[in-house]
Amino acid sequence: RDPLHTSTKVTHEASLPIAPQKVHKLAEQGELPLQGLRDTDHNYYTSKTYGPTDPMSKDLWVNVDQMDKEKVKIHGILSNTHRQAARVNLSFDFPFYGHFLRDLTVATGGFIYTGDVVHRMLTATQYIAPLMANFDPSVSRNSTVIYFDNGTALVVQWDHVHLQDSYNLGSFTFQATLHSDGRIVFAYKEIPIEVAQISSVNHPVKVGLSDAFVVVHRIQQIPNVRRRTIYEYHRVELTKTKITNSTAVEMMPLPTCLQFTSCGSCISSQINFNCSWCHRLRRCSSGFDRHRQDWVDNSCPDETKDKSCDIINTTQLYPFTTTLVAKTTGRSRGETTTAGASLSTSLSPTSVPTEGKTTNVRPKRKDTHPLHTGLILGILMVMLIMAATVLVTVYIYHHPTSAASLFFIERRPSRWPAMKFRRGSGHPAYAEVEPVGQEKEGFIESEQC
């Protein structure tokens with residue numbers, strides 16, 4: 001039987017009658033076997049772990065020695081270097097978190113990077129990690145990184161690789177198989193020690209999946225400079241104690257909003273996400289995917305508040321909302337507009353048309369006195385703040401060693417997190433084997449959304 005087309009009948013069995021949390025607890029206590037234990041706590045994937053005695057563990061392992069030798073490739077550079085990554089072009093569309101990928105980046109550290117922009121900090125997010133660790137194929141002649149693409153699946157195998165800081169522990173052999181239907185299989189042949197005991201001092205140790213979206217910010221203090229920030233919106237963390245010799249993990253993708261191509265099917269979908277349809281983009285989304293910036297830039301969150309498939313004229317129905325969104329978008333793009341002017345213009349009581357005759361004039365004049373008083377106080381406050389700012393600036397300029405001067409010097413743009421990220425951080429730096437002319441630095445990792 002072709003191991004790349006292994007039947008997944010077991011993964012489609014009926015759900016266990018016990019709650020998932022209780023199942024895990026019973027399994028840890030030894031009352032339930034770990035083989036074939038279903039994990040149902042993932043929003044994007046459903047995973048299933050097979051133990052050493054489960055026949056599916058052997059079936060899910062792909063023996064590359066029996067594959068077409070012309071398609072099996074041993075990457076010479078990755079097999080003889082440390083902390084390197086190389087692009088691999090797929091012959092099929094691989095769905096990952098609902099996005100179709102054609103290019104992947106294989107790293108020596110036991111993982112596959114799935115991001116569009118290749119940068120040095122590949123271990124932060126956007127990965128497929130059967131076993132991410134500080135592997136160094138260059139320390140042994142027997143260590144190789146192999147990949148195989150048969151048109152419907154990609155197999156990447158880290159064969160007899162050693163940990164750089166713990167060579168004497170032995171070699172690791174494991175693989176990741178990516179199927180064209182989105183199914184991901186982690187198979188482990190040789191794991192000499194418990195994964196939880198692998199040191200993460202010099203390199204993160206992760207097992208699972210992760211995806212993120214990238215948002216571009218303009219730094220107003222530095223002209224013509226933009227900062228890209230990575231926001232990790234989901235992560236699948238597999239239990240490390242279940243990974244031993246001759247084990248396997250199979251992950252099946254769950255439906256996402258991106259798969260719906262019409263407004264009707266989008267808003268009527270009944271999946272784990274609150275799907276919304278954006279008429280401007282003609283796209284269905286939960287608001288958290290790799291198209292996040294387009295979703296926000298086109299004001300899709302405001303448009304999708306009304307669960308209707310009719311094209312809405314937001315300018316006529318929601319004039320105040322449209323004005324505010326335009327001002328906010330302009331400010332995010334660096335334009336010199338103020339939200340306060342928008343609020344006073346759009347939401348002023350005197351700007352609302354009124355019906356009736358002149359009998360209502362006097363009450364209105366009485367009501368406007370507090371407004372004028374507040375406006376005058378506001379102008380005075382702004383003038384005081386501007387005067388204080390000028391005085392502080394002059395003081396800092398003439399007293400560079402004062403406490404205020406040191407406070408602002410420590411927070412100057414060159415010491416921002418983005419700049420620290422460029423200079424290096426606790427994450428290991430990966431270099432790309434074959435640069436493709438894309439930006440590799442200037443990223444800052446953010447917490448999960």
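Trainee: Which residues does Ser140 touch, not counting residues up to four places away in sequence?

Mentor: His162 and Tyr167, where contact means heavy atoms within 4.5 Å. Keep in mind that this is a predicted model: local features need pLDDT of at least 70, side-chain atom pairs count only at pLDDT 80 or more, and totals for chains, interfaces and linings use all residues. Residues are numbered from 1 along each chain as its sequence is written, and side-chain values use heavy atoms, with hydrogens and water left out.

Trainee: OK, and where is the place of Ser140?

Mentor: In the loop between strand 7 (127-132) and strand 8 (144-149). Helices (H or I, at least four residues) and strands (E, at least two) are DSSP runs, numbered from the N terminus.

Trainee: Does Ser140 count as buried or exposed?

Mentor: Buried, because its relative accessibility is 11%. The cut-offs are under 20% relative accessible area for buried and over 50% for exposed, with partly exposed in between (1.4 Å probe, protein chains only).

Trainee: Zooming out, how many helices and strands does the protein chain have?

Mentor: There are 11 helices and 18 strands. The protein chain has 449 residues, and 41% of them are buried. Among contacts between residues at least 6 apart in sequence, 62% join residues at least 24 apart.

Trainee: Which residues touch the most other members in the largest nonpolar core?

Mentor: Leu131, Phe172, Ile184, Phe186 and Leu209, in a core of 56 residues. Strand 4 (residues 84-96) gives the largest share of this core, 6 residues. A nonpolar core here is a set of buried Ala, Val, Leu, Ile, Met, Phe, Trp, Tyr and Cys residues joined through side-chain atoms within 4.5 Å.

Trainee: And what does Phe172 touch, again not counting residues up to four places away in sequence?

Mentor: Quite a list: Leu131, Phe135, Trp158, Asp159, His160, Val161, Leu163, Glu190, Ile191, Pro192, Ile193 and Ile198.

Trainee: What about strand 11, how many of its 7 residues are buried?

Mentor: 5 of them, so strand 11 (residues 184-190) is mostly covered. Strand 10 (residues 172-179) pairs with strand 11 in the antiparallel sense over 6 bridges, and Thr177 has Val185 as its bridge partner. For strands to count as paired, DSSP must find at least two bridges between them.

Trainee: Which residue in the hairpin of strand 10 and strand 11 takes a positive phi?

Mentor: Gly182, near 95 degrees; the hairpin has 4 residues between the strands. Strand 11 is also joined to strand 14 (residues 247-253) by 5 bridges, running antiparallel. There, Ala187 is the bridge partner of Ala248.

Trainee: Last topic: how many cavities of 30 Å³ or more does the structure hold?

Mentor: It holds 3. The largest has a volume of about 60 Å³, and among its lining residues are Tyr44, Tyr97, Cys257, Phe273 and Asp289. On a 1 Å grid over the protein atoms alone, a cavity is a set of points where a 1.4 Å probe fits but cannot get out, and lining residues have an atom within 4 Å of a point. Grid points are joined across faces, edges and corners, and the volume is the space filled by probe spheres set on the points.

How values were computed: 1 Å grid on protein atoms, 1.4 Å probe; cavity = no way out; pocket = protein on both sides within 12 Å on 5 of 7 lines; lining within 4 Å.
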